[in-house]
Structures are given as structure tokens and as C-alpha cells.
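Please look at the structure before reading on.

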2 protein chains.
Amino acid sequence: MANDLASRLLAASELHGDFVLSSGRRSSVYFDKFRFLTDPDLLKETAHAVASALPAGITHLAAPEGAATLLVAAVALEAGLPIAVVRKEPKTYGTMSQVEGRVPQGARVALIEDVSTTGHQVRRAAEALEQTGCTIEVIVLAIDRGGAQHLREAGYRVTSVVEVRPAD
Amino acid sequence: MANDLASRLLAASELHGDFVLSSGRRSSVYFDKFRFLTDPDLLKETAHAVASALPAGITHLAAPEGAATLLVAAVALEAGLPIAVVRKEPKTYGTMSQVEGRVPQGARVALIEDVSTTGHQVRRAAEALEQTGCTIEVIVLAIDRGGAQHLREAGYRVTSVVEVRPAD
């Protein structure tokens, strides 16, 4: 089941061509996470798998801003839990918040990310959430491309739906 | 029913305090759309209302990047339609795309936005989508704070779940 989802996520998202990666290197393969996040069936199945991986006692879901907000919305509908969206930088007007949505002190948060290779963006989001007085109970990666290990080394509990060893 | 949803969206999102708006002006009221988009019940009800407003024949949903991706994900699960996310600027690596997700030529798109006051961001997203060869069949605003009129003047069919007259 999980393996079947894994192979379909990868089949939907792995593009072949001539690409320049974010690192500046060229590659004949590019992993486009939007391909699975924008497919309603794959989004729903992935959200179900993420929701099933949540430990008991979670009060709030969170995700870094960007593509992961598609996934966290689908998980929230599945789990009936409120959402927080963590900006890279605090908003410069209005609420001036880095964390959008309501996360009360003492909230027990599951932080959700679509794909993590280095864990950097997830870790920054986790730290921003912790500064508001909540606890990161678990980080759930839909696809772990290496980020889980770095996040565990930083002290977080991490689970993933699919593990992929990056080609390079 | 729609009126009840309207009053609950506003009650959830209208904050009172001392705020600096994006225009630079101060205000004692701030409308924080994340408050309704991050509440799973309000998100679900709003998505249901948006999905119910879709005309027949829509093949794809789209939303500008940002908060509206929470809403478009929920609508996609309700309607079973694929999603496109429109960046403000094209990606600088990988697919180099401004429009994420797959929108084939000839797609009949419903462009969804959470709140629109001027219509500017929605119009830019609509134009980026049209450049890929698809047709914007309708623009659906969860909350119209004045944007619908501007978008209609630009030639788009627009519908909204809730209409709010801005306080200023």
C-alpha cells in the first residue's frame, strides 16, 4: 500500500529532460513535487497517509509557506485540526506575524512538509513555531529525500510516508 | 446559509487592535484571512461553497501562490479537479515555470482567490494562465472586498461566496 503510493508519487513527479537544479548543476532528472501535490487523488491519498502517521494528542498542524500548504490543507480536512502556516520572514504589516493562523501557547504541533532533502526549511519553521510557545511533537515528511536524518540529529521526532534515496 | 457563513468568516477574521496596513496607513481593524483559511470547519464550508459555484465544464482549478493554496486544495478535494498554482514570478530553476502543476492547452480553468480588494494579483495570475493556452472560465472569490468589479471590467466572469464592503 505505502509502496504503491510511493511508486505513484515518484512516477507522477519525476520529470526527464535537461534541467538546471537549485544548486546550479544540470540534471537529466527533476523531481517536481507540484505534480503529486496538484493531483487530487494523489493529494488525498498522501494526506490520508500523513494523517494516519500523526501520534495521539496533536492539537495543531503546521507547514512552511509554499507548496506544503496544499498538503497541510488536505491533512487538516482529514484530521479536523487547525493549521498554522510559517512564513520564511515575518509579515511586514498587519499582524506582523511569522506564524499565520492561531497557535496557542502549549499547542502540540505536527509540522508537515512535502519533500525534505536537507531539512533546513523545516528546521527553521520548527524553530519559529517553538518561539511562539508551542511544542513540535512530530515532523511528518510526505517524501524524505534525506532531510529526516538531519532533523532527527537536531532532536526532532520525524516520520515519513515515503523514503527516497536521492539519485546523486 | 451563505449569510451565516459570511458572518462566521468575518467574525473569525476581523481583528481589533492597532495595525499598520500594507498601504502604510494605521487602522484599528485588520482583516486576517488566515483566520478562516486555517480553521478546518470554515475552510471546508468555504471550499464547499466555492465548489458549488463552479459552472459545468471546468477541467482545472488554479490559485495564486500564497494563502489561496489552502483554499484551492480544499476545493480540489471537494470537486476532484487538478490544481495549478501561479507564482508571482517564474521559478528560476528546474521547470522554470510560473504555473506549477499540469494545465494542458485548452483547459477550462476556474481561478480561485481567498480575498480580493483590487483584483490585481488575480488578474496577473489569470494572464499568466492564459499565456499557457488555457481559458479562464470563471474567477471565484471566497470574499469579494471590491476586486470582483475590477475583474469584471477586465472582461472576466466573476462570482463570489461573500461580498464585503471595505470599511474604508
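The text below takes up the symmetry of the chains and then the salt bridges. The model is a predicted one.

**How the chains are related**

Two copies of a chain are related by a rotation about an axis and a shift along it. Here, chain B is superposed on chain A by a rotation of 180° with 0.0 Å of shift along the axis, and the RMSD is 0.0 Å. This is the relation of a two-fold axis. Which residue of chain B comes closest to the rotation axis? That residue is B:Leu70, whose C-alpha lies at 2.8 Å from the axis. The copies meet through the same surface, because 100% of the interface residues of chain B are also interface residues in chain A.

**Salt bridges**

How many salt bridges does a search of the whole structure find? Over all chains, the search finds 16.

| Arg | Glu | Distance |
|---|---|---|
| B:Arg8 | B:Glu45 | 2.7 Å |
| B:Arg87 | B:Glu100 | 2.8 Å |
| B:Arg108 | B:Glu137 | 3.1 Å |

The pair formed by B:Arg8 and B:Glu45 links distant parts of the chain, 37 residues apart. B:Arg8 belongs to helix α1 (residues 2-13) of chain B, and B:Glu45 to helix α3 (residues 40-52) of chain B. B:Arg8 counts as partly exposed because its relative accessibility is 29%. B:Glu45 has 31% relative accessibility, so B:Glu45 also counts as partly exposed.

In chain A, A:Asp4, A:Arg8 and A:Glu45 are linked in a network of salt bridges.

The salt bridge of B:Arg87 with B:Glu100 ties together parts that are 13 residues apart in sequence, because B:Arg87 lies in the loop between β4 (83-86) and β5 (99-100) of chain B while B:Glu100 lies in strand β5 of chain B. Is B:Glu100 buried or exposed? At 2% relative accessibility, B:Glu100 counts as buried, since buried means under 20%.

The side chains of B:Arg108 and B:Glu137 meet in a salt bridge. This pair again links distant parts of the chain, with B:Arg108 in strand β6 (residues 108-116) of chain B and B:Glu137 in strand β7 (residues 135-144) of chain B, 29 residues apart. B:Arg108 counts as partly exposed, at 34% relative accessibility, and B:Glu137 counts as partly exposed at 23%.

How values were computed
Residues numbered from 1 in each chain as written. Chains lettered and ligands numbered in written order. Predicted model: local features only at pLDDT ≥ 70, side-chain atom pairs only at ≥ 80, totals over all residues. Heavy atoms only, no water. Least-squares fit on C-alpha atoms with pLDDT ≥ 70 in both. Contact = heavy atoms within 4.5 Å. Salt bridge = Lys/Arg side-chain N within 4 Å of Asp/Glu carboxyl O. Helix = DSSP H or I, 4+ residues; strand = E, 2+ residues; numbered from the N terminus. Buried < 20%, exposed > 50% of the residue type's maximum accessible area, 1.4 Å probe, protein only.
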